[in-house]
Amino acid sequence: MLITIEEAKLFLRLDSSDEDTLIESLILTSESICEDIIRTTITELDSVPETLKTAILYAVTYLYENRETANHADLIKTLTALLFGIRREIF
């Protein structure tokens with residue numbers, strides 16, 4: 001995982017470890033969504049841009065705070081805008 005549970009909890013402003021399993025799942029999901037948008041895996045990148053880390057943290061936060069009512073189209077649109085500069089042109 002590119003983002004640790006501790007980094008995500010700090011971004012979410014959570015102190016408890018009660019939801020660590022959920023947060024780990026959200027990190028993995030967010031990384032997968034971001035990889036789909038940039039059309040490559042994180043491990044294939046020469047370096048990891050800060051915008052990618054920010055996008056993952058944004059996605060984790062969005063998914064965490066909107067568990068019941070998440071609009072994934074809006075999430076994808078925002079992440080695509082954030083990651084446009086590192087997105088591969090072709091698959």
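This is a short chat about a predicted model of one protein chain.

Biologist: How many helices and strands are there in the chain?

Modeller: The chain has four helices and zero strands. Along the sequence the pattern reads α-α-α-α.

Biologist: What about α2 and α3, at what angle do their axes cross?

Modeller: At roughly 130°. Helix α2 covers residues 20-38 and helix α3 covers residues 50-65. Their axes come within 8 Å.

Biologist: Left-handed or right-handed crossing?

Modeller: α2 passes α3 in a right-handed crossing.

Biologist: Which residues make the contact?

Modeller: From α2, they are L22, L26, I27, T29, S30, E31, C34 and I38. From α3, they are L52, A55, I56, A59, V60, L63 and Y64.

Biologist: And how many of those are nonpolar, polar or charged?

Modeller: In the contact of α2 with α3, 12 are nonpolar, two are polar and one is charged.

Biologist: New topic. What radius of gyration does the chain have?

Modeller: The chain has 13 Å. A compact globule of 91 residues would have a value near 12 Å, so the two agree.

Biologist: What box do the C-alpha atoms fill?

Modeller: Roughly 40 × 30 × 15 Å, taken along the principal axes.

Biologist: How much of the chain counts as buried?

Modeller: Of the 91 residues, 32% count as buried.

Biologist: Last one. Of contacts between residues at least 6 apart in sequence, what share join residues at least 24 apart?

Modeller: That share is 64% in this chain.

Technical notes: Residues are numbered from 1 along each chain as its sequence is written. This is a predicted model: local features need pLDDT of at least 70, side-chain atom pairs count only at pLDDT 80 or more; totals for chains, interfaces and linings use all residues. Side-chain values use heavy atoms; hydrogens and water are left out. Axes are lines fitted to C-alpha atoms, for helices over the stretch in contact, and angles run from 0 to 180 degrees between N-to-C directions. Helices (H or I, at least four residues) and strands (E, at least two) are DSSP runs, numbered from the N terminus. A crossing is left-handed if the near helix is turned anticlockwise from the far one by less than a right angle, and right-handed if clockwise. Contact means heavy atoms within 4.5 Å. Ala, Val, Leu, Ile, Met, Phe, Trp, Tyr, Cys and Pro count as nonpolar, Asp, Glu, Lys and Arg as charged, and the others, Gly among them, as polar. The radius of gyration is taken over C-alpha atoms; the globule rule is 2.2 Å times the number of residues to the power 0.38. Buried means under 20% relative accessible area, exposed over 50%, partly exposed in between (1.4 Å probe, protein chains only).
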